[in-house]
Amino acid sequence: SLSGPPSLWQELPGVRDSMEFWELSEDRRKLQEVRFELVSSEASYARSLDIAVEHFLKNADLAALLSAQDRNWLFSRLSDVRTISHRFLAELEERVESDMLHFTVCDIIERHCPRFRRVYVPYLTNQEYQETTYQRLMETCPGFQRVLQALERSPVCQRLPLRSFLILPFQRITRLKLLVQNILKRTPPDSEEERQASKALKSLEKLIQNSNDSITQMKSIESLVSLSARVDFECRTLPLVSQSRRLIREGEVTEMRDFALRQTERSLYLHLFNDFLLLSYPKEGGRLTVFDHAPVSRVRMENCRVKLHSLQKNLFTLQLLQNSEGVSKTLLLRTATQSDKLRWISAISRPHPEIDYTAAQDLAQVQCLRSYVSHQPDELTLEKADLLLVHQQSMDGWVEGTRLSDGTRGWAPLSHLDPIGSHRARQRNLQDRHKIATATNMGPQH
C-alpha cells in the first residue's frame, strides 16, 4: 500500500531492485516520478481528509454546537469528497502495484472526473458561505471557539487549524491539474500516453471551469441583488438582476466638463458588465443614481494623449454609440492612476485576440514571487511560481498578462512579480504552453 509517507518512485524497493530500471532513459524516469508524485500526494490528501472528517466533522461536542444549516455550510460535502478520494486512490495504488516500472495514471483520472464534478463543484461553490459561517461562529459562539481550539491542539492535526483542512479540496483539484500538465509535458509526442494525458487535462480544466462558473454566478447574483437595492434610475430603467450578467470592472472616475460650466468636473461611478455599461452619480450612504447606460457592443474607450494643461493626466474618452435614449454621447474622463485608465480601456476591449504562442518570443515574461488574491474581477489571483506573458505595464506598477498555465488574462501588481531574464527559459515556457494549449484545444480565457 502507498498509504505510508510519500517517497520517490525510484526509492520503492520494487523499482530500485529491478535490473530494468537502469535500462530506462532519464526522460522515462522523470515521467514515472511525476506520475508517482500524483499517487503519493493523493495518499497524503486522503489521510488529511480522514482527519477533517473523523476528528472534526464527527466530533460530538462540535456537532452539539452547530445547527443543521451551520453544519452544512461549514463542512459542506466534505464526507463525499473523502469517499471519492479514497476510491480514486485505491485504483491508483492498484495500478502502481500491477506494474511499478511502467504504470500510467491519466486514464484513471479521466474516468473519475465525472465523480469529481459531482462533489467538487458544490464544495467549491460553498466556499464563501463556509468562510462567513466560520467567522460568525468564532465571533458569536464562545463554545465553538473553545471546542475547536481543543481539537486543533490534538497531535493528529500536526498543528494545523480546521481551516487548513477545509481548504484542501480547493488546493487539490488545482494540484491535480498541474501534475497532469507536468505529465503531458514529458510524454512522447503523438503517443497514446500523450493522447490520454490530453484527455485527462481537458476534463480537469472543464471541472475547474465549471466550479469557477458556479462560484462566479452565485457571487454575481448576490452582488446584482445588492446593487439593485441601492440604485435609482433617472434614465430608462434597466433590470439589473440576470443569470447571465457578470461584472467585469467597477470604480470611480472623474468627468471633465466644459470649462464654461461652473462645475468643471464631477465624480462618476462606472459598472462594466459583460453586456452593459452603467454610468452613475455617487450619492450619500453608498447609493447611486444611474443617469445613463449602453450595451457593451455600443461602447468605445480610447486613450486621450492631449493634456488640457499640465495637471491633467490619465485622460480617456468614453463614447456611447447608442445610450439609453438611443443617441450617441461622448464623455472625457480621468482616472486617479495610469493603471486605472489602462485597465478600463483593456476591459472594454474584450474579447482580446487569441495568442499565437509560437510567435510570442518578443513578449516579456514574469514569475510570481508570492501569492496574490485579486480584489477586482479584472485581476488575476496568483500562486507562487505562476508564469505570466506580459501584454502591457503601467508606470504605477501594474502588469496585464496571460497566465501560461491556463491562458487566463488579467492584471497583477508588479511588486509580486519578477522578470524572467533567460531567453532559453522564456522559450521553454512558451513551448510548454503551446503543447498544453494544442493538446487541450484551449484558447485564452477572458
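1. Two strands pair if DSSP finds at least two bridges between them, with strands (E, at least two residues) and helices (H or I, at least four) taken as DSSP runs numbered from the N terminus. In this predicted model, Gln-365 stands opposite Leu-389 in β10. Strands β9 (residues 365–368) and β10 (residues 387–393) are antiparallel partners, joined over 3 bridges.

2. A quick word on ground rules. Numbering starts from 1 along each chain as its sequence is written, and side-chain values use heavy atoms, with hydrogens and water left out. Since it's a predicted model, local features need pLDDT of at least 70 and side-chain atom pairs count only at pLDDT 80 or more, while totals for chains, interfaces and linings use all residues.

3. Back to the sheet: it's open, with 5 strands in the order β12-β11-β10-β9-β13 and antiparallel pairing. β12 (409–413) and β13 (417–419) sit at the edges with a single partner strand each, so one side of each has no neighbour in the sheet.

4. Now the helices. The axes of α5 (residues 78–98) and α6 come within 9 Å and cross at roughly 170° (axes are lines fitted to C-alpha atoms, for helices over the stretch in contact, and angles run from 0 to 180 degrees between N-to-C directions). The two helices are therefore roughly antiparallel, the label for angles over 145 degrees.

5. Have a look at Asn-126, in the loop between α6 (106–125) and α7 (127–140). Asn-126 counts as buried at 9% relative accessibility (buried is under 20% relative accessible area, exposed over 50%, partly exposed in between, with a 1.4 Å probe and protein chains only). Leaving aside residues up to four places away in sequence, Asn-126 touches Asn-72, Trp-73 and Ser-76.

6. Salt bridges (a side-chain nitrogen of Lys or Arg within 4 Å of a carboxyl oxygen of Asp or Glu) come to a count of 29. Glu-131 and Arg-163 form one at 2.4 Å, N to O. That pair links distant parts of the chain, with Glu-131 in α7 and Arg-163 in α9 (residues 162–166), 32 residues apart. Glu-131 is partly exposed at 33% relative accessibility, and Arg-163 is partly exposed at 35%.

Technical notes:
Contact means heavy atoms within 4.5 Å. Angles under 35 degrees count as roughly parallel, over 145 as roughly antiparallel, 65 to 115 as roughly perpendicular and the rest as oblique.
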